[in-house]
Amino acid sequence: MTCYRGKDLAQLGTSAWPLRPSSIDQMMRCPRKWLEAVTEEGQGTETKKAADTGSMVHAGVVEWDRSQDLARAHAVMAAAVDRYPDGDLDDAIRTFHHYTTDPRFATPPIYAEAAVTLYSPQGVITGTCDQIRRESDGVYYVWDIKTGKEPPDYYLHRHLYQVVAYTMAARQTLSIDARPGGLLCLYQYRRRGADLPSPRSVIQPMDLTLSQCETLMARVWKRLARSEEHTSELQSRFG
């Protein structure tokens, strides 16, 4: 048994220690680095400042979509400083304000911060969907918010599996016809020359069929099963 911080690494991907959708893309790229990340930092890959600032933006977006009240959203973001002490509140507010003025998001999502879990014989994945929006075709589209400063392609290439995992978990947990929507890259509002209030680059769709999602998830389960090959190195490091 390979243990670290009282947990058996063989339990990764089980109900005792489920996978986080946000960590899956790193697992697919480099299982060894993924294993190091999930044991050392709780399945996170962002810097603390970026993660905390992003969490403040998320908090503001959720409150705005719920209440449509800027003062309440600002209060929620300010209160979040205690939970996210490394974040930049002023920076978060600047990004958040652009979201509130974009007419494409005038209608709140059907689900915001929805807790979802995907149970499979091959493993368990659990996380929180940022947004699920129902379109005129009756389909529910899953969107993940990104607040970092990298170009949209950077996030599309690094979070494909994350959105797919959220989608499949939403279908199972919420019993809805969910499909991948894609990414909402909110920092694109602040790019020089951005066509405000609705820059096209904010919305980064992932045009995937359910069949393609199932194929991608099969790869995830296969990679998870192989990750045990890397636990011996962790055992030697963490004992």
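**Cavity lining and helix packing**

Author: Please bear in mind that this is a predicted model. By class, four nonpolar, two polar and three charged residues make up the lining of the largest cavity.

Reader: How is such a space found, and how many cavities of 30 Å³ or more does the count give?

Author: Rolling a probe the size of a water molecule over the atoms shows where empty space is left. In this model the count comes to one cavity of 30 Å³ or more, and the largest cavity has a volume of about 30 Å³.

Reader: Which residues line the largest cavity, and which element gives the largest share of that lining?

Author: The lining consists of His58, Val61, Val62, Asp65, Ala112, Glu113, Asp130, Gln131 and Ile145. Two or more residues each come from helix 3 (48-67), strand 3 (111-120) and strand 4 (123-134), and helix 3 gives the largest share, four residues.

Reader: Turning to packing, at what angle do helix 7 and helix 8 pack?

Author: Two packed helices are described by the angle between their axes and the distance between the axes. Here helix 7 (residues 160-174) and helix 8 (residues 210-226) pack at an angle of about 110 degrees, with their axes 10 Å apart, which means that helix 7 is roughly perpendicular to helix 8.

Reader: Which residues make the contact?

Author: Helix 7 contributes Leu160, Tyr161, Val164, Ala165, Met168 and Arg171, while helix 8 contributes Leu210, Cys213, Glu214, Leu216, Met217, Arg219 and Val220. By class, this contact has ten nonpolar, no polar and three charged residues.

Definitions and conventions
Residues numbered from 1 in each chain as written. Predicted model: local features only at pLDDT ≥ 70, side-chain atom pairs only at ≥ 80, totals over all residues. Heavy atoms only, no water. 1 Å grid on protein atoms, 1.4 Å probe; cavity = no way out; pocket = protein on both sides within 12 Å on 5 of 7 lines; lining within 4 Å. Points joined across faces, edges and corners; volume = space filled by probe spheres on them. Nonpolar A, V, L, I, M, F, W, Y, C, P; charged D, E, K, R; others polar. Axes fitted to C-alpha atoms, helices over the stretch in contact; angles between N-to-C directions. Parallel < 35°, antiparallel > 145°, perpendicular 65-115°, else oblique. Contact = heavy atoms within 4.5 Å.
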